[in-house]
Amino acid sequence: MLLRRLTFGAAAIALAAVAAPAPAQAATPSVPPGRVTVEVVGANGSGCPQGTTEVAAASDNTAFTVTYSNYLAQTGAGSGGTDFRKNCQLALRVHVPQGYTYAIARADYRGFAHLQRGAYAQERAGYYFQGASQTTRITHQVNGPYSDNWQAGDQTAYNDLVWAPCGEERNLNVNTELRVYGGTSSPQTLSFMSMDSTDGSVSTVYHFEWKECPAAA
């Protein structure tokens, strides 16, 4: 199928948005000993139908990846009325070694976009811990004409990090959204944006920041 060949055949990765300069970081403790694991305990949304999302923690405890296999928004020829917007909310259970807590310091999003002249697409994301307020959702835009891989990164200053509560196991909720707008392009042409992979080669990466919990009194 042409769309799938386009999605995974492009070799170059282009930056769709320029990430903010790296903020000054506080002294970072070594990653926790033991094994950090991440599992999907809930998936809702048109971008992540059941069985189309996988998650895996890095062996060095520095990050985890989310891989989608059916996350594509499109508009124009052959598209349905709601195809221009796809979204996904994942509830993730992160198992952390005792005595440590974590925050998400950076998130790297990747995919492929094929946009006609006059069309544009947006990727938006945010996350929060169960029972807490959601972080600010950041939007990245790609303008047509464009037909290549895209990449966008969100980085949080150390003082603004949101930490998981020490001694509690709360779900990390990750929200993502793709939108494609035809703009001034011809409605007879097709534009799309994906954040998926059928072979595991395109993944979203969430980078941990670690710190030790205060000692119990």
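I take two strands as paired if DSSP finds at least two bridges between them. Strands (E, at least two residues) and helices (H or I, at least four) are DSSP runs, numbered from the N terminus.

I am working with a predicted model, in which local features need pLDDT of at least 70 and side-chain atom pairs count only at pLDDT 80 or more, while totals for chains, interfaces and linings use all residues. Residues are numbered from 1 along each chain as its sequence is written, and side-chain values use heavy atoms, with hydrogens and water left out.

Entry on the sheet. I looked up an open sheet and found 5 strands in the order β2-β6-β11-β8-β9, with antiparallel pairing. β2 (37-44) and β9 (138-143) stand at the edges; each has a single partner strand, so one side of each has no neighbour in the sheet. From one strand to the next the twist averages 20 degrees (axes are lines fitted to C-alpha atoms, for helices over the stretch in contact, and angles run from 0 to 180 degrees between N-to-C directions). I then checked β8 and β11, which run antiparallel and are joined by 10 bridges. Tyr128 has Asn173 in β11 opposite.

Entry on the disulfides. I count a pair of cysteine sulfur atoms within 2.5 Å as a disulfide. A search of the whole structure gives 2 of them. In one, the sulfur atoms of Cys48 and Cys88 are 2.2 Å apart. This link is right-handed, with 100 degrees about the S-S bond. It connects distant parts of the chain, since Cys48 is in the loop between β2 and β3 and Cys88 is in strand β6, 40 residues apart. Cys48 is buried at a relative accessible area of 1%, and Cys88 is buried at 1% (buried means under 20% relative accessible area, exposed over 50%, partly exposed in between, with a 1.4 Å probe and protein chains only).

Another disulfide joins Cys166 to Cys213, S to S 2.1 Å. The link of Cys166 and Cys213 is left-handed, with -95 degrees about the S-S bond. Cys166 lies in the loop between β10 and β11 and Cys213 in the segment after β13, so the pair ties together parts 47 residues apart in sequence. I noted Cys166 as partly exposed at 34% and Cys213 as buried at 19%. With the bonded cysteines numbered in sequence order, the pairing is 1-2, 3-4.

Entry on the core. I define a nonpolar core as a set of buried Ala, Val, Leu, Ile, Met, Phe, Trp, Tyr and Cys residues joined through side-chain atoms within 4.5 Å. The largest one has 39 residues, of which Phe64, Tyr102, Trp150, Leu172 and Phe208 touch the most other members. β7 gives the largest share, 7 residues. I listed the contacts of Phe64 (heavy atoms within 4.5 Å), not counting residues up to four places away in sequence, and they include Val38, Leu92, Ile104, Leu172 and Phe208.

Entry on two polar residues. Asp108 is in strand β7 (residues 100-115) and counts as buried at 10% relative accessibility. Its side chain makes a polar contact of 2.8 Å with that of His207 (N or O atoms within 3.5 Å; within protein, one must be able to donate a hydrogen and the other to accept it, and residues adjacent in sequence count only if both atoms are side-chain atoms). Asn149 lies in strand β10 and counts as buried at 9%.
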